[in-house]
Amino acid sequence: MNIQIFGKSKCFDTKKAERYFSERRIKVQKIDLLKYGMSGGEFDSVLRAVGGIENLIDYDQKNPDIDLLRYMADKTQKEDKVFENPKLMKTPIVRNGKKATVGYCPDVWATWE
């Protein structure tokens, strides 16, 4: 397994995901999403794996950009806005090759080999 965890340093679910893999002695690569972001290829791969941009946006946070995203009709513009501003993404984003999850999903991770 080649696990990458993209998260925010103050995100509780990111810490839970790191603990999940640590308890199972699975090596992970931790990436601070706010500091380093994602490459274009990683972002596209995650979008395909999670089923589109709507599943990646954290609509629960209070941010004027989130309100704007709610009413944007153009999917490409939404993707560009979220790619440029990683704090709009729901975390943790956990990748294993071409597979990815958004949020805390131990049931899915348990099926990964």
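**Close-up views of a predicted model**

**View 1. Helix H1 and the elements around its buried face.** Helix H1, residues 12-23, consists of 12 residues and reaches 16 Å from its first C-alpha to its last, close to the 16 Å expected at 1.5 Å a residue. The model shown here and in the views below is predicted. Thr 14, Ala 17, Tyr 20 and Phe 21 are the buried residues of H1. Seen down the axis of H1, these residues fall within an arc of 115°, so they line one face of the helix. An α-helix has 3.6 residues a turn, so residues three or four places apart point the same way. The buried residues of H1 pack against strand S1 (3-7), strand S2 (28-32), strand S3 (93-96) and helix H6 (106-109). On the face turned away from the buried side, H1 carries the exposed residues Phe 12, Ser 22 and Glu 23.

**View 2. Arg 25 in the loop after H1.** Arg 25 follows H1 and is found in the loop between H1 and S2. Most residues other than glycine have a negative phi. The phi of Arg 25, a residue other than glycine, is positive, near 55°. Arg 25 has a relative accessible area of 78%; because this value is over 50%, the residue counts as exposed.

**View 3. Packing of helices H3 and H5.** Two packed helices are described by the angle between their axes and the distance between the axes. For helix H3 (residues 40-50) and H5, the angle is about 125° and the axes are 12 Å apart. This angle makes H3 oblique to H5. The crossing of the two helices, H3 and H5, is right-handed. H3 contributes Gly 40, Phe 43 and Leu 47 to the contact, and H5 contributes Glu 79, Val 82 and Phe 83.

**View 4. Packing of helices H4 and H5.** Helix H4, residues 64-71, crosses H5 at roughly 165°, and the axes of the two helices come within 10 Å. H4 is therefore roughly antiparallel to H5. H4 passes H5 in a left-handed crossing. The contact is made by Asp 65, Leu 68 and Leu 69 of H4 together with Lys 78, Lys 81 and Val 82 of H5.

**View 5. The buried side of H5.** Buried residues in H5 are Lys 78, Glu 79 and Val 82. They cover an arc of only 100° around the axis, which puts them on the same side of H5. H3 and H4 are among the elements that cover these buried residues. Val 82 of H5 takes part in the contact with H3 and also in the contact with H4.

**View 6. The loop between H5 and S3.** Helix H5 spans residues 75-84, and Lys 90 lies in the loop between H5 and S3. Lys 90 is partly exposed, with a relative accessible area of 31%. Not counting residues up to four places away in sequence, Lys 90 touches Asn 55, Leu 56, Ile 57, Asp 58 and Val 102. Between Lys 90 and Tyr 71 there are 18 Å in space, C-alpha to C-alpha, and the two residues are 19 residues apart in sequence. Pro 92 is also found in the loop between H5 and S3. Most peptide bonds are trans. Thr 91 and Pro 92 are joined by a cis peptide bond, with omega about 0°.

Technical notes. Residues are numbered from 1 along each chain as its sequence is written. This is a predicted model: local features need pLDDT of at least 70, side-chain atom pairs count only at pLDDT 80 or more; totals for chains, interfaces and linings use all residues. Side-chain values use heavy atoms; hydrogens and water are left out. Helices (H or I, at least four residues) and strands (E, at least two) are DSSP runs, numbered from the N terminus. The expected span of a helix is 1.5 Å times one less than its number of residues. Buried means under 20% relative accessible area, exposed over 50%, partly exposed in between (1.4 Å probe, protein chains only). The arc is that of the directions from the helix axis to the C-beta atoms. Contact means heavy atoms within 4.5 Å. Axes are lines fitted to C-alpha atoms, for helices over the stretch in contact, and angles run from 0 to 180 degrees between N-to-C directions. Angles under 35 degrees count as roughly parallel, over 145 as roughly antiparallel, 65 to 115 as roughly perpendicular and the rest as oblique. A crossing is left-handed if the near helix is turned anticlockwise from the far one by less than a right angle, and right-handed if clockwise.
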